[in-house]
Amino acid sequence: MCLRGEIRSEWLEAMHKIAFPILSAAADNRLHSVLPLSKAEKRRGVAYLEAAGRTLIGIAPWLELSLPRRASKEERTLQEQYRLLARKTLINICDPSAADYCVWNKTGVFLSPDQPMVDAAFLASALLKAPTQLFELLPEQARSNLLSAFGQTRLMRPVRNNWLLFAAMIEAMRYRFTGIGDGMRIEYALSKHYEWYKGDGAYGDGELFHWDYYNSFVIQPMLEEISRVAQPMIGESRYREQFVKSLARYCEVLERMIAPDGTYPCMGRSIAYRTGALHALAHAALTGQLPSTLPPGQVRRALSLALRRMLASPELFDTAGFLQKGLSGCQPKLAESYINTGSLYLCSTIFLPLGLSPTSPFWTEAEQPITWEKAWSGAPLMRDHAL
């Protein structure tokens, strides 16, 4: 069993293995030339924005964190390196003259739903999590370029499902940094999900409920973040009250899915996002919204088990260090047609708790067995009940 300080170091090492190939290439304007993509992939053009946005959303809170004096020299050095890589990445992906300029809108005119909106939203969430490091410290021209790039995505119309949250997240980000956002897009996304609540902490992806992890990949974390950031604009407390309660209950369910060997059910679409399936649990740990039934030391153990399992998978990375499609190793048939190499980096959301200080209870509290271990070892355990 690792000491608590060693566990944080273990997480940082894992983060570096996953994030460095993407951000080092993008910071050097090489991502378009080195990101491995199959000719059969339908969304090759947006893969680069996917890779950057999905990597940054997971590490953004750590980039923003003011490390305490007791933090290790190694972590301080790594953080400074990644802050610089992240800002260089942002400068390049929104600069029309850069080699790594990304596709934000394929035509520059009104479009039906398209992928750039999705990954711009993940990037918008990253900016909200690290406003100083990922926006305010950018050069003025880069900030202008970035807002212009996000403006292109606003020409796209979202589907009436979880995609409503992508449009709302972009507006919440614009509101945070410019004071202006489309409150109607935000309120519509929140109100529809409020209507789509199915009970016991779960939402439909649109009218219907799906047995997949989209409540974690997208819905629950974005509902919490958008409703918090846009609260002054919306002024509607009943939405947020439900979103916070449902997130806590959903986290209870997610944690119970994690087994002692770090596995969790292979279920539903986009399973190749790997630990992105635990986004909601990591998000709640970061934002202090874990239920009282889940002590931080227990959640840290649960997420650590899943992280170790992912890293232990054979062929997780290709020879250049980029993620390969699959859940355990390289399993390309598990990936839907909309998934490319860039898509896989949503797994980085497991690293959100690195945005908590090393002195926080998440990192200092004694490790506790996960629910699975308690239940199947005969340990005392309170019964589960619906919300």
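A nonpolar core is a set of buried Ala, Val, Leu, Ile, Met, Phe, Trp, Tyr and Cys residues joined through side-chain atoms within 4.5 Å. The views below show a predicted model.

**View 1. Trp104 and Phe150 in the largest nonpolar core.** This core holds 130 residues, and of these Trp104 and Phe150 touch the most other members. Helix H1, which spans residues 4–27, supplies the largest share of the core, with 12 residues.

**View 2. The surroundings of Trp104.** When residues up to four places away in sequence are not counted, Trp104 touches Leu49, Ile93, Cys94, Pro116, Ala120, Leu123, Leu146, Ala149, Phe150, Gln152, Thr153 and Met156. One of these neighbours, Cys94, counts as buried, with a relative accessibility of 2%.

**View 3. Cysteines without a disulfide.** A disulfide is a covalent bond between the sulfur atoms of two cysteines, and a search of the whole structure finds zero of them. For Cys94 the closest cysteine sulfur belongs to Cys102 and lies 9.1 Å away, which is too far for a bond. For Cys266 the closest cysteine sulfur is that of Cys330, at 15 Å, which is again too far for a bond.

**View 4. Helix H13 and what covers it.** Helix H13 (residues 279–287) is largely enclosed by the rest of the structure, because eight of its nine residues are buried. These buried residues are His279, Ala280, Leu281, Ala282, His283, Ala284, Ala285 and Leu286, and what covers them includes helices H3 (47–64), H10 (214–229), H12 (237–257), H14 (296–312) and H15 (361–364). After H13 comes Gly288, whose phi is positive, near 75 degrees.

Technical notes
Residues are numbered from 1 along each chain as its sequence is written. This is a predicted model: local features need pLDDT of at least 70, side-chain atom pairs count only at pLDDT 80 or more; totals for chains, interfaces and linings use all residues. Side-chain values use heavy atoms; hydrogens and water are left out. Buried means under 20% relative accessible area, exposed over 50%, partly exposed in between (1.4 Å probe, protein chains only). Helices (H or I, at least four residues) and strands (E, at least two) are DSSP runs, numbered from the N terminus. Contact means heavy atoms within 4.5 Å. A disulfide is a pair of cysteine sulfur atoms within 2.5 Å.
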